[in-house]
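My notes follow in the order I worked.

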Amino acid sequence: MDPVLTIMVLSVLLGALIAFVFFRSYFRNRKSDIRTIANPEPLSDPKKNSKPVQQSSKKSQAKSHSHSSDKDHAKRHHPLDLNTLKGHGDAVTGICFSSDGRNLATACADGVVRVFKLDDAASKSFKFMRINLPAGGHPTAIAFSDDASSIFVATHNLSGSSLYMYEEEKPKTTENKPQAKLPLPEIKWEHHKVHDQKAILTLFGTTASYGSADGSALVVSCSEGTDIILWHGKSGKNLGHLDTNQLKNTMAAISSNGRFIAAAAFTADVKVWEIVYAKDGSVKEVSKAMQLKGHKSAVTWLCFAPNSEQIITASKDGTIRIWNINVRYHLDEDPKTLKVFPIPLHDSTGAVLPYDRLSISPDGGILAATHGTTLQWLSVETGVVLDTAEKAHDSGITCISWAPKTIPMGNEQVLVLATSSSDKKVKLWASPSLHSS
């Protein structure tokens, strides 16, 4: 036989032998694995079954981890942090208290309005009513009417802004049986493309009580353009269309007595209008009243004092101003600056961080203000910082609002501030002592 051929045959036989040994070993191991999986020994003897033990051990580990994280979380809690309203599926874009402080409505980017019952600020869970908004609209702002039964909601989509008024039906009762479940609020009126294609930035509502006003609910919507609209709450009638003529608006508010509307826009000046009432109590017109001049840079937010006679403004110039607007402006008497405070919030380089939200307590003593995720409480009298929560939320604070009245917490009544954020949470905060330093 040819030696080359012999070598080739031997090589093939040797390769086949090696392959046989390898695959025999592989299949033996594989069979062993299959046998182990198909018929594991522990199943035949429950006492020797280690799986449930491992599972319970995992559960106890998770539980203890949960307790441990709760403790860590508790350590991180700010002393004024009372509670968190959970259950929102997306960023919370607006919040509003009812006039009695017992209901807190939230607008969420998940397309749902939730109305929480605040029977006790320290409650472990809060009952809430869920209102699903019409599909396709992203809620941008919310306001209560004169009582807890009517809610105004602004939404926005590609075709523009819509405004809805939801109202609860009065519960129907039979002779002996009250209705078991309250019906959900229904849309009583709606308007579409109310500010052209611009989004509604803010909604503020109040009850008209100034002068001859008839006690109607009024709502002010402010667009991201330059226009502002005053609405009649019950009928949805447009009562007045205002224009700031300042490139773009930031926000607009109405005084609690329904006398003034004020707007913060692109410039340093704040425009104020007066709502004029007819003898029959209806709104006759909305006329220009005055301008607040004094800031050197754009006003970022404003709020009316509870007595409707002062306005508090924050500006990019690093100051807060308190203005007296209860002046005879028709006799050319100018609004007066009562106080100027420096904004006491700075970055690492020492530059002032301007406030982007303001809200004044119902007793007029404490100003809550935010920048990003930071929340501060200031004395309205002195401008002194009463307390600071540096990371009040995990992401930017979108809205802040004081409850107009105290809320029960255990056996006491407390003044409560609510904050909302794009972190999907709404938090309730206690009021700091005015004697804090």
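Which order do the strands of the open sheet of four strands have? I read the order as S22-S23-S24-S25, with antiparallel pairing. Strands here are DSSP runs (E, at least two residues), numbered from the N terminus. Two strands pair if DSSP finds at least two bridges between them.

A note on the source. This is a predicted model, in which local features need pLDDT of at least 70 and side-chain atom pairs count only at pLDDT 80 or more, while totals for chains, interfaces and linings use all residues. Residues are numbered from 1 along each chain as its sequence is written, and side-chain values use heavy atoms, with hydrogens and water left out.

**Entry 1: the four-strand sheet**

Next I looked at strand S23 (residues 366–371), which six bridges join to S24 in antiparallel fashion. Alanine 368 faces tryptophan 377 in S24.

**Entry 2**

I turned to strand S2 (residues 92–97). Six of its six residues are buried, so S2 is largely enclosed by the rest of the structure. Buried means under 20% relative accessible area, exposed over 50%, and partly exposed in between (1.4 Å probe, protein chains only). S2 pairs with strand S3 (residues 103–108) in the antiparallel sense over five bridges. Glycine 94 stands opposite alanine 107 in S3. Five residues lie between S2 and S3 in this hairpin, and glycine 101 in the turn has a positive phi of about 75°.

Strand S6 (residues 138–144) came next. Six of its seven residues are buried, so S6 too is largely enclosed by the rest of the structure. Six bridges tie S6 to strand S7 (residues 150–157), and the two run antiparallel. Isoleucine 142 has valine 153 in S7 as its bridge partner. The hairpin from S6 to S7 passes through five residues.

**Entry 2: aromatic pairs**

How many aromatic pairs are there? I found five. Rings of Phe, Tyr and Trp (its six-membered ring) pair if their centres lie within 6.5 Å; planes under 30 degrees apart count as stacked, over 60 as edge-to-face and the rest as tilted. Phenylalanine 116 and phenylalanine 128 make a tilted pair, 5.0 Å centre to centre with 40° between the planes. This pair links strand S4 (residues 112–117) and strand S5 (residues 128–132), its members twelve residues apart. Phenylalanine 116 is buried at 2% relative accessible area, whereas phenylalanine 128 is partly exposed at 37%. Tyrosine 164 and tyrosine 166 are also tilted, at 6.3 Å and 40°. Tyrosine 164 is buried at 6%, and tyrosine 166 is buried at 4%. Ring pairs also join Phe152, Trp189 and Trp231 into a cluster.

**Entry 3: the cavity**

One cavity of 30 Å³ or more turned up. On a 1 Å grid over the protein atoms alone, a cavity is a set of points where a 1.4 Å probe fits but cannot get out, and lining residues have an atom within 4 Å of a point. The largest cavity has a volume of about 40 Å³, a volume being the space filled by probe spheres set on the points. Its lining includes Ile312, Phe341 and Ser379. Strand S20 (319–324) and strand S24 (374–379) each supply at least two lining residues.

Definitions and conventions. On a 1 Å grid over the protein atoms alone, a cavity is a set of points where a 1.4 Å probe fits but cannot get out, and a pocket is an open set with protein on both sides within 12 Å along at least five of seven lines; lining residues have an atom within 4 Å of a point.
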